[in-house]
Every structure is written in structure tokens, then in C-alpha cells.
Amino acid sequence: MHPCPFNTGTRFFSKSIILLMLTVLFLPGLSHGHENDKHFTLKGNVSGYSTRETLTGVNVYIKGTTTGTVTNERGYYSLEAPAGKQTIVFSFIGYKTLEKEVTLSADKTLNIRLEPSEELLGEVQITAQRRFFGNMEYGRELPSINAEAISKQNSGNASDILHARVAGVWATKTSGAPGDQQKIRIRGQTSFFSSAEPLYVIDGVPVPIVNLASLGIGDLNVHDIENVTILKDASSSSLYGFQGGNGVILIDTKKSTANKLTFSAKTGYQWFDNYYDLMGTKDFLESLDMAQQTIKSNIRKRYPEYTPTLCDHNRQDEIFRSGLSQEYQLSGSGKAGPIGYYASGNYTNQTGIIENTGFERYTFLTHLSTNIRKKLAIDVSYRCNYQENINNQNEYMGNQVIMKGIAVAPCLECTPDSLLYNSDRELFQRTLTRYDLLNGLDTPQNIIDRNNHSYNFFSHAGSFMGHYRFNDKLSFNVIESFMARNSVYKAATIFNQITYKYYNGTQSVNMKSEESVLLLNHQASLSYNNTFGQHGVNFLLAHRYYADNLHWQVDSLENTLPEHYYLRNSMAGYGTKGSVIRKIGSYIAHCSYNYQQKYFVSAIANLSRIQEGLYIDYYNLFPSLSISWDMAKEPFMAGSFIDELNLYANYGESGNYPLNGLSNNIYENIPNTFSDSTSTHPYVSQLANRFLQHESTAEIDVGLKSSFLNQRIKLNAAYFFKKIGNQIIQRDIPYYYGGGKAYINLGNIEVKGYEFDIEATPVETKHINWKVKGNFSVSKQKVTKLADNQNMLFKSDDMLFPNFIISQNGSLGDIYAFKYLGKWTKEDEDLNDIRYMEKFGIKYLNVDTIGTGVVDDDKTVVGNSIPDFNWNLISSLQYKEFSLDFTVYSSWGMQKFNATRAGTMLTGVNREVNQLYADSLRGINFFYFYESSFFVEDAGFIRLKNITLGYEPTKKILGVNCRFSLSFENLYTYTKYKGYDPEATIFTDNNFSDNAVDRGAYPNPKSVYFSIEIKL
């Protein structure tokens, strides 16, 4: 393993976990779980007594036990409790703790209204960040995911929490590399070059978006998450102004509850078996014989005659292996005098399904909370993380271990003297672009051995939350938070393709990039809630100050850093060094009014100022307005089976301005050789644009929230339409102006779509509880404006990387290539139709209809990488002590360029080439074929993501409560895609090619996990 960038990092975490174990083992007052065999469901709603607002995050638990839950975004709770007499505790900040005695002999509904507390703030829990911005539940959809739902996913990666859970949120696992994260898009693809990732806010600490992508939440322990709230529309995300344009995900971590100690251990096994149909030595040599006969190929003479003793390698068996994982989690909570606490430690280790890949992580979290002078509640949290990733960060041109490794001939090592690389011993015919896929002894093992990328980081984050309640109407809240994150990217033997007049090869580059992000966040709010007869009002004034600082330094370079090279999230691709400071100050006013708790109106005004780098400094107003009507509370609906029928509409504005060097000049050192000496001199690789502005989002949202039959059925539907202006575009600067790149505002996008989700409880009896949730979302985008109505074409000199086009009234993600129409026939020749043309036996579409030659002007849009719609299905079945949970998710209507398959055909190892040889086609060795729609494939899929079997005996085992689970991932995938994985793609530095290319993409493996959880 590589050393930690901080000398005491690993030892610190190891000692922290040991200390945590010793501390928690001696906690006083640990309670025991239930032992009664009969259980019933207690459910209902919790609201405020005077304001009548629904209360989110209320703790609901059985007194004297560890059994509990929290209310969701609608104030609804559901709690499994033993039969007989029980005392149920309802606890929430700023309200009197209520103990309610109930006798359960059947399922029961219990609605609660809590009274404000002037003398006691209760068991302190500042759980919902959005309380800083007042009651926004009405007029907007704020979906949330609680800890129970998260635990059923049985995932060790926090980025998986949104997977298939929320309509309008596209969460896709683009890489199966251990420790890798989901890619999240909320309501469509909204940007050309700027980030399209949502903003994560963890306990009040925003996770900055750097290098056009979010740093993500991979350093967060999923077991520590209590609640996740998604701000999907601009009406709610306007609270975050310049940072909220792609949606906001609020994450609250766990805090002190009833006394309990929990330990869990999980071990897993991963495998991959969806191989390409590649030929062995016998078939490969026979294929070359066929090629020599049908297309007069001269490659055959470079290999010996086949004998049964000739070596025969299955390259995929050499690259892929079984992966193993282990995870250990220990947490404890309770009270020590007046202080409530929660502490957690986690260790995770995983080896990948590709040789020489792995992931290791240590996390620690602690929360302390207390009451001071009765009216003041304080909550302090701190978390830290050390993480090491080995060879999980792809280069710009994809994963070379897969891309190059599987394209090697099965008998390469046993072919005399043709192992040497020279002009007359190459393994395939050169193309006009002099593309070189194999170089010398590029065997899979050699590629694996020199694959030496690593990514280490060490992070700290902390927050202080305070709540002071002057009376039952007026309160003051404050959050002070910070995050410090240090990352070290290392890459050895990056292969930078170079082309000379008579030589095409690669040169190696070694790189080390140290990057740091430091942020400070302050927010304070004063809120007033009151009711006057049938009128309810809420006023809130808030101030937020946010500052972050990014710095990077690249060293240990040999030769020149390749253009477009980067490790994902690294700044190395933008220059050898740089620094930028950003400050955002916001003044927020929120006012809401309701009449009879039926008619609601809410307005937000966020005046923000952004300062970045040397030049950017301006103000912007982000307003929003929402209205809603709960028809279920009308007299004519009284006594019906409808619990809620809330119609709402809202409008809002927000922005998108990522943190990177956009507003500063970035300098690069380039070598200059004269005679026998070499010197370096700086030049501007990226020119600052002092007039650059944020991408602006304006959105209209109309929807319906409803529930029926005492919450047995919930149905939500929404339509949204948003315009995103001031698109940030990267442009090349002409060489006569000095060269380099710059970012400018240019272009607009429109996105519209529909969302539906339904949640039902089909069966709810004494022994059986079955819940089903499904969602469906459609989004369409259109580029509505470009400069001078001119299309933007993005080309690559590499024929195994497709071209892309952005056109007015077109869409992001349009793949631009020759239209492959199959084999050229005599009928085509006799027809003599100028719409078609022939090249080496293959028929192509003649777009320009000028001549029959295959030229770039004949390329056209042949696919799009952004899905048209997504649907998901989640089922949770509980029978007595047993449970069965599964998740199915699907994406349809997108295409992907399968460069991995193209590479195996270029070297002739893919069995598909036999049919092409049999058809006497000679186009397999020419770039027209590889830059065509032949390799643009339907990447839609339906995947059984997760299925988990659980067993939680009601009686203790050896004096403790236990839960056992067996979980499977990715057991079955239905798709027409011919590659390893329709979901896997490589990462690029833009959104028009993101999710569009499989160039050795790391596939998602099949997995099985066994876990045990022990509760005291």
C-alpha cells in the first residue's frame, strides 16, 4: 500500500476504532431488545400543536428499548412493536417530549400533536437542515430516504443511497471499480462543460464541486446516515443560489438516541462472467487463413502453423479475477449525564475483479449534543476519513488494462520473432490515422504490472449547530462548519500517443498531483411561526457565508503531460499548478402563509454575491414562489378514503458555478530544446475570462402529492420545465493569440419531463408486511441557442473515440459518425442511388450527396447517450422474523459507442470478424468502419440490482439481538448491448461525451455478501 499523505493517518484511524470499541463497551445503561413473539404496526402522523405544521425527523421509539424510527417528510411514522402494553416516546427539538402508553393487540393508528417547549428542548436532535429555511413541505416535493430504507440496500458505499429511490433522479453505476461512486443527475443533463452533479450538504457542510464534478460522498460511512432529503426543483434549490442549479442533496448523519451498541461485519465475493466471444489460438489462426483467402490479408504469414501444443491464452481469464471484500462497523449512542452522544467507526477493504485494483477506507464520526439553560440546544459533530484507491481512476481514454489487454492475440507469446515491434511485423494493417493498439510485448500481464495509478485522500469535516428558542413562536439557529480535504493523485507510465513521419508509438509520463480543498460555511437564521385563528404564518431571515479554496501542484513529470489527460476529479489536466479562492455570501428571506392548513403560499428571495479569483465579483437574485391546495381537507372530502390530495405549483431560479480555475489564468511549463540543451518556459494554457457568469436555471414545476387508505397508497406526479442559460463552454484560443483554452458563456438548454412514483402496502397483517415502491421518469432536453446558430463539432484524432455534435434544436450526447448500412450488394450498385456509397464492401449513408467518397461531411447523428426514460421497482416483504427485499432498475433510449468491442475486432480476436471475412468485406481494417454506427449500440437495460434475504430472530442469541442477511447484486441484466456492461462508461471532461463511450470501462460485477449485525 502507498503511504498515507499524513504520517499518522492509518495509525490514527486504527487507534480511533480501538478507542471507540473500548469506550462504548463500558457505556452505562445499555438496554435490551424485545422478546415477545407477536408484533404489530403502530403508525400515524406527528404535527406541531400551535402551528399545525407536519414535523419531519421526530424520534419515535419504544421506551426502554432500541426499537425506533423517525417521521418522514410528511410527518408520517411506522413502527413495529411487540403486543401488549408499551410506552411510545415522541421526541423533537423545541417541543415537549411526549410519552404515550398504548396497548397493542392489533395494528393501530396513533396521530400525535406535540406542544412547544419553553423550559426544555427535549432529547436534543438537530436532524433536519432544512429547518433553517422554514417549513417548505407544502408547494414543493421534498422526497426523503430514511435510515431503514438505506440499511435495506446493504451497500457499503454512501453514493448508492439514491439508487432507484426517487423519480427524476438518475443514479447510475458507471464503474464497478471498488470504492467508485454513482453518477447522479437530477432532472436531466443540464450543462455542456460545467458540472451537472448535484450539491451534497452533509450536516450543514457543503461538498464542493471541483473540476466540473462533485467530490462526492465516497468518504461518508453509509451506516452513519439518518436521513437524505432531495431538493429537485429550482424553487427549493434557490436556497443555495450559485450552487443549487443541479439540485441539492441534504444528508443528516445519526445522532444520540436510546442507549445502544451495534456491531456489524460483512464479507463479500465478486465475480464477472459476461465475456466477449474471443477466439482461441486454433480459431484465430483459421480466421487469418480465411482472411488471407477472402481479402488477401498478409497478416497470416506472421504466425506459425497451428499445432495442438501451440500456446493458447484466454486473455479475459488473465485480466479478470474474483474480488473479495470485508467491512466492520461499530457504533454506540446514549447519554452521559447531560450530554447525548453518537460515535461510529468503520473499516472497509475490497479487491477488484481486475488484477491490481483495490480500495481501502477508514472512517470515524462522533456527535455530541446537550441542552444549556433549558432553551439552548447545541450539537457538535466531527468526522474524518482516510481512503486509498489503487488503479480505480481511469485515464481520459479509458481503462488500458481492459482495452489493450483483451485485444491481444491468444498466441502472441508463442509466435517466433514477430513479438518485436517494427514496420513489417505489426499485428494488423495500419490505418490512415496510424492507429497503434498494440505495442511490442503488450501482453495483459505487462499492462497490469505497469498499471500504477493511485488516489489517496484524507479529509476532516466538522460542524457546530445551535438552536435557541426565545418562546414557542420565535427561534434562532446557527451552523458553523468546515471541511479540509487533501488528495494525492499518482500515475505512472501514462501512455501519450505520439506520431512521427514514419513512426507511431507512445511515450511514458509519470505524474504526481497534490490537491487540497478547504471550505468554511456559516449560516444563521431567525424564524417566527404563529397562528391567528385559521391563519398560519412563517417568516424566516437567514444569512449564509461560504468560502472555499482550491490548490493543486503537479510534479514528478517526465516529458509532457498529454492533452486531455486527467484522473477523474484531478486538476492535473488543466495545468501543472493553480489556485483559486471563491466566496459566496447570501441573504435569504422566506415567507409562508396558510389558511386552514388547506391553502399555502410560500416565497423565497436569495440575494447572493459571488467572488472568485482575481476578476469575478457580482450579485444575483434567486427568487422562488410556490402555491398549494390540499383538497383532502375540504368539507366535501370529509370521510373519504383520501388522506392527502395536494395540488402544487412553483417557480424558482438557481445557478451553477463550479469551483476550479475558470476565473484565473493557468500556466503550463513547456520544454524548449535548442542544440543539446533544454529549457522550459511558461505559457497560459487556460486564459481567464473576467466576464464569466454562472449558468442560470429557471424552472416551473407542477405536481400532485396524494395518499389514500391511511397511508396505504401514496401517489405523486409532477411535470417540470426548465431553461438553463449562460452555458459555460470551453473554447480553443487561436495560436496567433498565444493558444491555450478559455471558458465563455454561450448557449441555452431546455429540459422538460414527467415524474411518477407510487408507494403501496398491499399486505399488512399481524405476520406479513409487504411494501412496494415504483417510479417512472421521462426527460427530454433541447439545445435552444448557440452562437450564430453554428453547430459545435467535437472531434478526436483517435478513431476508437467517436465524434460528438451540439446543434441548435439538437440534444446533448449526440454521437456523430458514418451511418453503417450493412454489406454493399450488387443491387445497390445497379440502383446507383447517390444517397448510398460503398467503401471496401460496406454500404454507408451519403449525407452530402455530392460524391461517393467517404468524407467527414458524410457523418451524421447516429445515437444519443442520454436515456429517454428510467423506471425502478423496490419491494420489501417481512414475514415474522424473515425479510426479502429486492430492487430492479432500468434505463432505456440511450446508445453507447463500444470502443472495447471495436478494439477486439481491429486486432482480429473477436469471433465476429469471421462473418465479415466470409462476406468478403475488406473494411475491417479502415477507419471508416470504426467511425461508423456499427459500434454504436443500444445500451438500454433492466437490471436486478439487489436482492437481500434477512433473518432477525425475536429471541436473543447468547444474550444479544442479531440480524443475519444474505445479499446478491447484479445477478441478472437484460440488455441488447454487446459489451461487458451497458451501464459502465469512461469519464470524460464534459457532459456531451459523458456516458457515451465504453473504452475498457470497468464493468459492474456480480456479488454476494453475508453480514451479521449484533445489537446490545
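Predicted model: local features only at pLDDT ≥ 70, side-chain atom pairs only at ≥ 80, totals over all residues.
Biologist: Why is F840 called partly exposed?

Modeller: The relative accessible area of F840 is 21%, and the class in question runs between the limit of 20%, under which a residue is buried, and the limit of 50%, over which it is exposed; F840 therefore counts as partly exposed.

Biologist: What is the phi of F840, and what makes that value worth a remark?

Modeller: Phi of F840 is near 55°, which is a positive value in a residue other than glycine. Most residues other than glycine have a negative phi. L709 also has a phi near 55°, again positive and again in a residue other than glycine, and L709 lies in the loop between β33 (695-708) and β34 (713-725).

Biologist: How do you know whether L709 is buried, partly exposed or exposed?

Modeller: With a relative accessible area of 46%, L709 falls between the limits of 20% and 50%, so L709 is partly exposed.

Biologist: How do you know that the side chains of Q597 and N594 are joined by a polar contact?

Modeller: The distance given for this pair is 3.1 Å, and the cut-off for such a pair of N or O atoms is 3.5 Å, so the side chains of Q597 and N594 are joined by a polar contact.

Biologist: Which side chain is joined to that of K1006 by a polar contact?

Modeller: It is the side chain of D273, in a polar contact of 3.4 Å. K1006 has its place in strand β53 (residues 1006-1015), and, leaving aside its neighbours within four places in sequence, its contacts include Y269, Q270, W271 and E969. K1006 and G323 are 683 residues apart in sequence, yet 9.9 Å apart in space, C-alpha to C-alpha.

Biologist: Why does K1006 count as partly exposed?

Modeller: Its relative accessibility is 24%, and since buried means under 20% and exposed over 50%, K1006 is placed in between, as partly exposed.

Biologist: Which residues touch the most other members of the largest nonpolar core?

Modeller: They are V228, I251, F929 and Y930, in a core of 132 residues. Apart from it lies another core of 19 residues, among them V58, L79, A83 and L114. Not counting residues up to four places away in sequence, Y930 touches M799, L800 and F897, among others.

Biologist: Why is C384 called buried, and why is C962?

Modeller: C384 has a relative accessibility of 2% and C962 has a relative accessible area of 7%; buried means under 20%, so the term applies to C384 and to C962.

Biologist: What can be said of the protein as a whole, in helices and strands?

Modeller: The protein has eleven helices and 53 strands, and buried residues make up 60% of its 1016 residues. Among contacts between residues at least 6 apart in sequence, 72% join residues at least 24 apart.

Conventions:
Residues numbered from 1 in each chain as written. Heavy atoms only, no water. Helix = DSSP H or I, 4+ residues; strand = E, 2+ residues; numbered from the N terminus. Buried < 20%, exposed > 50% of the residue type's maximum accessible area, 1.4 Å probe, protein only. Contact = heavy atoms within 4.5 Å. Core = buried A, V, L, I, M, F, W, Y, C linked by side-chain atoms within 4.5 Å. Polar contact = N/O pair within 3.5 Å; in protein donor to acceptor, adjacent residues only side chain to side chain.
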